[in-house]
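Please look over the structure shown here, and then read the notes on selected parts of it that follow.

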Amino acid sequence: GIRDRTVTGVQTCAFRSRQVYLNPAPQGVGFENTFNLPGGRGDGVNVIDVEGGWDFDHEDLIQHGGKVLVGINEANTGWKNHGSAVLGEIAGVYNNFGVTGIAANTKINGASIYVSPGRQGNVAETIMKASQFLKAGDIMLIELHRVGHRGKFLPMEYWPDNFLALKATVEKGIHVVEAGGNGNENLSDPFYNTPPPGFPKDFKNPFNRSAADSGCIVVGAGAPPPNTHGRDWGPDRSRLDFSNYGSMVDTQGYGREVTTLSYGDLQRGVRQKMYTDVFSGTSSASPIVVGVVSALKGVAKNRNIQISPSLMREFLRKSGSPQTPAPGRPVTQHIGNR
């Protein structure tokens, strides 16, 4: 049942066994393959998460000393739950309680789209400011999506100012991992070749990489193994019904049943001691990929090997456990390998 840390003396359990996404392939990403290698916990790798809010003082994050480098830490509970859950997947501290991050030694910070309480600023500007805190080989995570002209959530790079900011970031050698969005939308639809009202006339469709390529790693949401936490979302690694799909989606992560920090459905109490079993969306899928990239980068750094953003993206597209079909969701609705 749900544990309540408001009870005096209750110690947080170790929830590692519930983090099925850590398991060996094909169930998970096989984090133990790198976890005990020199550098394999993301040592020396910096990640900036672009979204709204975080609990950097959560008991399973506080050791990292993370902070907001751009904008303000929005106090809205929804944002803080979201941001903390994201960071727990990547860098939950390696200890005897709570969760274990895929690359638990990754240095984590946030860049907020909020410029004052309740007021968002320009996303492209936030991205450019955040990139100044990163160097080649570091990682930026875009934990945002936005409603497009058909009323569906789309990846942020669809908007020209965001595209230019993301492309410039990748060109600095920074690995940008971008949530593919929860719009159940075919990003390969020719509809997106035509600039919508208000877009520049020379607009080139970033969902068609032969026309325009930001260099980002775009992540879709796949189903976890059936019976994860006693629930069934369809065949393992099949596209979840909300996930965007298309040729530009590079790789997938768990879009359901992610055990991580915050929300409080797994363990409630004060914010700094809350955990969840059900973080979801391309929001939960993308930090899994960030953890993998950070682990690989940490090993590579230890061995003085350089991996460019384009090569990392190619690795992710060509390796891993393949997407599977589900009723009404064939593999032609592409979200890539796990």
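## Glu89 in helix α2

Glu89 belongs to helix α2, which covers residues 77-91, in what is a predicted model. Although Glu89 is buried, it forms no salt bridge, and the nearest side chain of opposite charge, that of Arg338, is 11 Å away.

Leaving aside residues up to four places away in sequence, Glu89 is in contact with Tyr21, Gly101, Ile102, Val258, Thr260, Phe279, Ser283, Ser284, Pro287 and Ile288.

## Ile108 in strand β4

Strand β4, residues 107-112, contains Ile108, which counts as buried because its relative accessibility is 1%, where the cut-off for buried is under 20%. When residues up to four places away in sequence are not counted, Ile108 touches Val47, Phe56, Leu61, His64, Gly66, Lys67, Leu87 and Ala91. For Ile108 and Ala91, the separation is 17 residues in sequence and 7.5 Å in space, taken from C-alpha to C-alpha.

## The largest pocket

The largest pocket has a volume of about 410 Å³, and its lining is made up of 21 residues, among which Val29, Val292, Leu296, Leu316 and Ser319 lie nearest its centre. Two or more lining residues come from each of α1 (32-35), β12 (251-254), α5 (282-302) and α6 (309-318), and α5 gives the most, with 4 residues.

By residue class, the lining of the largest pocket divides into 10 nonpolar, 10 polar and 1 charged.

Notes
Residues are numbered from 1 along each chain as its sequence is written. This is a predicted model: local features need pLDDT of at least 70, side-chain atom pairs count only at pLDDT 80 or more; totals for chains, interfaces and linings use all residues. Side-chain values use heavy atoms; hydrogens and water are left out. On a 1 Å grid over the protein atoms alone, a cavity is a set of points where a 1.4 Å probe fits but cannot get out, and a pocket is an open set with protein on both sides within 12 Å along at least five of seven lines; lining residues have an atom within 4 Å of a point. Grid points are joined across faces, edges and corners, and a volume is the space filled by probe spheres set on the points. Ala, Val, Leu, Ile, Met, Phe, Trp, Tyr, Cys and Pro count as nonpolar, Asp, Glu, Lys and Arg as charged, and the others, Gly among them, as polar. Buried means under 20% relative accessible area, exposed over 50%, partly exposed in between (1.4 Å probe, protein chains only). Contact means heavy atoms within 4.5 Å. Lys and Arg count as positive and Asp and Glu as negative; His and the chain ends are not counted. A salt bridge is a side-chain nitrogen of Lys or Arg within 4 Å of a carboxyl oxygen of Asp or Glu.
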